[in-house]
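Please keep the sequence and the model open while reading.

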Amino acid sequence: LADLAEGCRALRSSADALRLVGADISCSVVYGAQTVLLLLLSRALGYGANGYGWMLAGMGLGGVIGTTLASRAADVRRPQGVLAAALLAVGGSLPLLAIASSLGTAVALSVVGGAGAIIVEVMTETGLQRSLDERVLGRAYGLALPAALAGIVVGSLVAAPLVSLLGLHRTFVVLGTTVAAYAVSLLRPPTTTPRPASISSQPAS
């Protein structure tokens, strides 16, 4: 518990780290919701469980593509811009899914969303290493990872009530615009607490 508390303090002390974790949790919530929403969308398009399987396969293919791009994305000069773009791909694909009229279009949008989600995940992990002191990195990650996994559960639980309240298409739009708005907020320069210098970086007496 003491280690988790220290990890929580480390995350709260870094605006960059909090933004990264927030982006990763957003993708997790979207993924959890899609486990429900994509099945309903496939049924609405008339493809049933087969269409759902194709859309999940599209997300998997997007993950493979995102993996090949993530290593380059993490090394750019302005990683926050790439992170925002990747999260926009996740959020922006959802309203388009709401108006998809064919299975092929839905699968293509699933590829885009899957690629964006993997890029966000990889950039979150590499970004945390840059934002936090190595002495608290493990504790902070030990808190961030369960939070992201919990996001999947939350997304899967809220999807059906949202569909009952708003309808399938509006649920896609509301979820997508919320994630896209958060992605745009990542472009604002944060006020970050300076990272403490490590012992090895201090000048010798």
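The chain has 7 helices and 0 strands, so the order of elements from the N terminus reads α-α-α-α-α-α-α. The model is a predicted one. Of the 205 residues, 40% count as buried.

**Whole chain**

- The accessible surface of the chain comes to about 10800 Å², and carbon and sulfur atoms hold 65% of that area.

**Helix α3: geometry**

- Helix α3 covers residues 48-73, which makes 26 residues.
- From the first C-alpha to the last, α3 reaches 36 Å, close to the 38 Å expected at 1.5 Å a residue.
- The helix α3 bends by about 30° at Thr-67.

**Helix α3: buried side**

- Several glycines of α3 are buried, including Gly-51, Gly-58, Gly-62, Gly-63 and Gly-66.
- The buried residues of α3 also include Tyr-52, Met-55, Met-59, Ala-70 and Ala-73.

- Leu-61 has its place in helix α3.
- Leu-61 counts as partly exposed because its relative accessibility is 46%, a value between the cut-offs of 20% for buried and 50% for exposed.
- Together with Val-64, Ile-65 and Leu-69, Leu-61 makes a nonpolar surface patch of about 330 Å².

**Asp-24 in helix α2**

- Asp-24 lies in helix α2.
- With a relative accessibility of 15%, Asp-24 counts as buried, because the cut-off for that class is under 20%.
- Beyond its neighbours within four places in sequence, Asp-24 is in contact with Val-120, Glu-121, Thr-124 and Ala-148.

**Val-158 in helix α6**

- Val-158 is part of helix α6, which spans residues 134-166.
- The relative accessibility of Val-158 is 34%, and therefore Val-158 counts as partly exposed.
- Val-158 and Val-36 are separated by 122 residues in sequence, while their C-alpha atoms are 9.5 Å apart in space.

Notes
Residues are numbered from 1 along each chain as its sequence is written. This is a predicted model: local features need pLDDT of at least 70, side-chain atom pairs count only at pLDDT 80 or more; totals for chains, interfaces and linings use all residues. Side-chain values use heavy atoms; hydrogens and water are left out. Helices (H or I, at least four residues) and strands (E, at least two) are DSSP runs, numbered from the N terminus. The expected span of a helix is 1.5 Å times one less than its number of residues. The bend at a residue is the angle between axes fitted to the seven residues ending there and the seven starting there. Buried means under 20% relative accessible area, exposed over 50%, partly exposed in between (1.4 Å probe, protein chains only). Patches are made of residues with over 30% relative accessible area and no salt bridge: like charges are joined within 9 Å, nonpolar side chains (Val, Leu, Ile, Met, Phe, Trp, Tyr) within 5 Å. Accessible areas come from the Shrake-Rupley method with a 1.4 Å probe; for residues, only the protein chains shown count as cover. A salt bridge is a side-chain nitrogen of Lys or Arg within 4 Å of a carboxyl oxygen of Asp or Glu. Contact means heavy atoms within 4.5 Å.
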